[in-house]
Amino acid sequence: MKIDIHDLSKNLTTPLTAPAYSVPTYKFVNREYLNIVYRTDVNALRAAVPEPLEIDEESPLVRFEVMWMPDVSGLGVYTESGQVIPVQFNNEEGDYVHSMYVDNFPAIASGRELTAYPKKWGAPKLYVDSDTLVGTLDYGSLRVATATMGYKHVELDLEEARKEICRPNFMMKIATDYNGQLRICDLVRTQITDAHIKGAWTGPARLQLFEHALAPLADLPVQEVVSASHIVADVTLNPAKPVYNYLLH
Ligand SMILES: CC(=O)CC(=O)O
């Protein structure tokens with residue numbers, strides 16, 4: 001087999017004859033979000049966020065999210081759950097993606113290799129239980145998060161919902177050479193720019209996080225639920241771009 005590194009139509013990843021994921025662009029139809037914004041401990045938040053990102057010390061917030069993706073071109077069906085943290089970088093507001101637990105291998109591999117999504121294997125679920133929207137996250141056999149929200153109690157403004165899911169995302173891209181030395185250590189930025197909101201609601205919400213050594217969501221403890229949203233949207237993801245190279249600083 002001849003390897004042509006300039007042929008961009010080929011998905012050059014392994015296994016060579018049956019790659020672990022398809023070539024993006026990934027388009028999501030009816031992506032459904034349960035987002036719960038909560039106040040946490042400022043020292044815990046400071047310890048989680050890499051500089052030069054800045055947190056809001058006066059208002060230390062985290063967004064816990066569970067996303068059900070029933071129709072994703074090239075990746076299939078999956079659910080994802082994690083935490084993002086509101087930050088500022090170069091005077092721009094955005095969210096630092098702190099953790100993501102996902103139940104689909106191609107989504108994990110492509111997210112980590114092509115972008116910088118901090119994805120690990122996990123078992124999130126999003127479903128309606130009678131009058132309640134429920135989001136759960138299991139890691140192995142243990143429950144690490146349970147979120148509940150009144151189902152479609154109050155409609156949200158669709159433009160506000162669009163702004164919520166289109167905030168810039170910042171992530172850490174880390175790759176090493178064969179000796180374990182850092183080859184890439186970047187802060188990267190991406191943003192959803194193509195989102196069609198199909199519905200958005202809010203309602204009463206609660207969130208419980210449980211201690212786990214390898215899925216340490218509870219290290220950012222819930223002090224108070226601030227807001228919650230349930231959003232259904234079609235979205236397209238964009239590639240990430242480096243915005244800060246730690247190897248040069
Ligand atoms: C496809 C990706 O890597 C991003 C996501 O799952 O949200």
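Visitor: Let's start with R63. Is R63 buried or exposed?
Guide: R63 counts as buried, because its relative accessibility is 12% and the cut-off for buried is under 20%. Bear in mind that this is a predicted model.

Visitor: Which strand is R63 in?
Guide: R63 lies in β2, which covers residues 61–72.

Visitor: And what does the side chain of R63 make a polar contact with?
Guide: The side chain of D95, at 3.1 Å.

Visitor: Switching to the ligand. Which residues surround it?
Guide: Y26, R31, L75, Y78, E80, A107, G111, Y117, K119 and L237. By class, that shell has six nonpolar, one polar and three charged residues.

Visitor: Which elements each supply at least two residues of that shell?
Guide: Strand β3 (76–89) and helix α2 (105–114).

Visitor: How far is K119 from a ligand oxygen?
Guide: A polar side-chain atom of K119 lies 2.6 Å from an oxygen atom of the ligand. For E80, a side-chain N or O atom is 2.7 Å from a ligand oxygen. For R31, a polar side-chain atom is 3.3 Å from one.

Visitor: How much of the ligand does the protein cover?
Guide: The protein covers 98% of the 240 Å² of accessible area that the ligand has on its own. The space the ligand takes is the largest pocket.

Visitor: What about phi at S130?
Guide: S130 is not a glycine, yet its phi is positive, about 60 degrees. S130 is found in the loop between β6 and β7. S130 counts as exposed, because its relative accessibility is 67% and exposed means over 50%.

Visitor: And K152, what is its phi?
Guide: Positive too, about 50 degrees, and K152 is not a glycine. K152 sits in the loop between β8 (142–150) and β9 (154–155). K152 is partly exposed, at 36% relative accessible area.

Visitor: Last one. How far apart are the C-alpha atoms of D131 and K152?
Guide: They are separated by 8.8 Å, with the two residues 21 apart along the chain. D131 is in the loop between β6 (123–129) and β7 (132–139). D131 is exposed, with a relative accessible area of 54%.

Key. Residues numbered from 1 in each chain as written. Predicted model: local features only at pLDDT ≥ 70, side-chain atom pairs only at ≥ 80, totals over all residues. Heavy atoms only, no water. Near = heavy atom within 4 Å. Polar contact = N/O pair within 3.5 Å; in protein donor to acceptor, adjacent residues only side chain to side chain. Areas by Shrake-Rupley, 256 points an atom, 1.4 Å probe, with all protein chains shown as cover. 1 Å grid on protein atoms, 1.4 Å probe; cavity = no way out; pocket = protein on both sides within 12 Å on 5 of 7 lines; lining within 4 Å. Sits in = over half its atoms within 2 Å of the grid points. Helix = DSSP H or I, 4+ residues; strand = E, 2+ residues; numbered from the N terminus. Nonpolar A, V, L, I, M, F, W, Y, C, P; charged D, E, K, R; others polar. Buried < 20%, exposed > 50% of the residue type's maximum accessible area, 1.4 Å probe, protein only.
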